[in-house]
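Biologist: I'd like to learn how to read a model like this one. Could we put it up and take it feature by feature?

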Amino acid sequence: MPSSRPSPDRQHPRILHGRRRGRPLRKRQLDLLRTLLPNIEIRAPEADGTTLPVALNLDLLFPDSGQTRRLWLEIGFGGGEHLLFQARAHPEIGFIGCEPFVNGVVKLLSGIDHGRRTGDAISNIRIFRRDGQQLLEHLPRQCLDRASLLFPDPWPKTRHHKRRFIQQDTVDQFARVLKANAELRIATDHAELCRWVLRHLASHPSFEWMAEDPDDWRRQPLDWAETRYETKAAKACRQRYFLSFKRNSAPAPLASTKT
Ligand SMILES: C[S@@+](CC[C@H](N)C(=O)[O-])C[C@H]1O[C@@H](n2cnc3c(N)ncnc32)[C@H](O)[C@@H]1O
């Protein structure tokens, strides 16, 4: 899938923690990586000699959607259960899924392929296989109508907190790429990470917690498909926390991307 510039697979200097590979892939899965993925993969645009990341050209990513384009993002989609559910339910919306774990990517590809073979073609998903922070840097400002981060790695040890996806600069990036009134959904089964997320988001000038009553965080949003990780958490009787934030109309923090 083309970006606005020629796409060399530029290596990003940020360290990506966590697994990139699990079990060896079967032949069918390798075939999907070779045949299906190139049609829907987003490659990071090439640096242009300045220090700012170059923005992705969304017109090339979703050529049919034009002015009316609505775009949802899911970062760390795991096996893609939630992403597939949402993409099926909203064929008019463009979806960007970000996941560096190749075994998760092939699960999503298998789901897309299965749909294609059973007359339920899904054509509105694009995949970015690198760090979600890198993807955020390459998105143009105010392009997203929703972003979801579902059960991100909690990195419970204090010395690993800096590896958590939610950090001040990531929240600033979300503020930059989300449209006014867009929604940022974060779910976790880790109480301390939940507090961390609230600390970062609820105090940020661009976001408002959308909780409607004191029990709001216990309930899944209505349009929801359980993720694999969430099912495991439920089986182990761990409390799950569902946090939704609205991007308000405050000006975005200083841009760190070209547009
Ligand atoms: C605990 S799993 C949850 C997966 C899925 N959301 C679910 O609920 O089943 C966290 C996922 O985030 C992905 N991940 C970790 N760091 C990431 C990053 N920097 N950017 C994008 N994805 C990341 C991992 O590969 C993993 O699949």
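Biologist: Which residues does Ala 225 touch, not counting residues up to four places away in sequence?

Modeller: Two residues are in contact if their C-beta atoms, placed from the backbone, lie within 7 Å. By that test Ala 225 touches Glu 81, His 82 and Phe 85, leaving out residues up to four places away in sequence. A word on the source: this is a predicted model, where local features need pLDDT of at least 70 and side-chain atom pairs count only at pLDDT 80 or more, while totals for chains, interfaces and linings use all residues. Residues are numbered from 1 along each chain as its sequence is written.

Biologist: Where does Ala 225 lie?

Modeller: Helices (H or I, at least four residues) and strands (E, at least two) are DSSP runs, numbered from the N terminus. Ala 225 sits in the loop between strand 6 and helix 9. Its C-alpha atom is 9.1 Å from that of Leu 84, although the two are 141 residues apart along the chain.

Biologist: Is Ala 225 buried, exposed or partly exposed, and why?

Modeller: You count neighbours: a residue is buried if 20 or more other C-beta atoms lie within 10 Å of its own, exposed if 12 or fewer, and partly exposed in between, with C-beta atoms placed from the backbone. Ala 225 is partly exposed because it has 15 other C-beta atoms within 10 Å.

Biologist: Which residues in the largest nonpolar core touch the most other members?

Modeller: In soluble globular proteins, nonpolar side chains tend to be buried together. Here, a nonpolar core is a set of buried Ala, Val, Leu, Ile, Met, Phe, Trp, Tyr and Cys residues joined through C-beta atoms within 7 Å. The largest one has 51 residues, and Leu 108, Leu 139, Leu 144, Phe 174 and Leu 178 touch the most other members. Aside from neighbours within four places in sequence, Phe 174 is in contact with Leu 136, Ala 147 and Leu 184.

Biologist: Which residues of helix 7 are buried?

Modeller: In helix 7 (residues 168–177) they are Val 171, Gln 173, Phe 174, Ala 175, Arg 176 and Val 177. Those buried residues pack against several elements, including helix 6 (132–138), strand 4 (144–150) and strand 5 (178–188).

Biologist: How do I read the strands around that helix?

Modeller: Two strands pair if DSSP finds at least two bridges between them. Strands 4 and 5 run parallel, joined by six bridges, and Leu 150 stands opposite Ala 187 of strand 5. A crossover is right-handed if, with the strands pointing away from the viewer, the path from the first strand over the helix to the second runs clockwise. Strand 4, helix 7 and strand 5 form a right-handed β-α-β unit.

Biologist: Does strand 5 run parallel or antiparallel to strand 7?

Modeller: Antiparallel, over six bridges. Ala 187 has Phe 242 as its bridge partner in strand 7, while Thr 188 stands opposite Tyr 241. Strand 6 also pairs with strand 7, in the antiparallel sense and over three bridges; there, Trp 209 partners Phe 245.

Biologist: Which residues come nearest to the ligand?

Modeller: A residue is near a molecule if its C-beta atom, placed from the backbone, lies within 6 Å of it. Of the 23 residues around the ligand, Gly 76, Gly 78, Gly 132, Thr 227 and Tyr 229 come nearest. Helix 9 gives the largest share of the shell, three residues.
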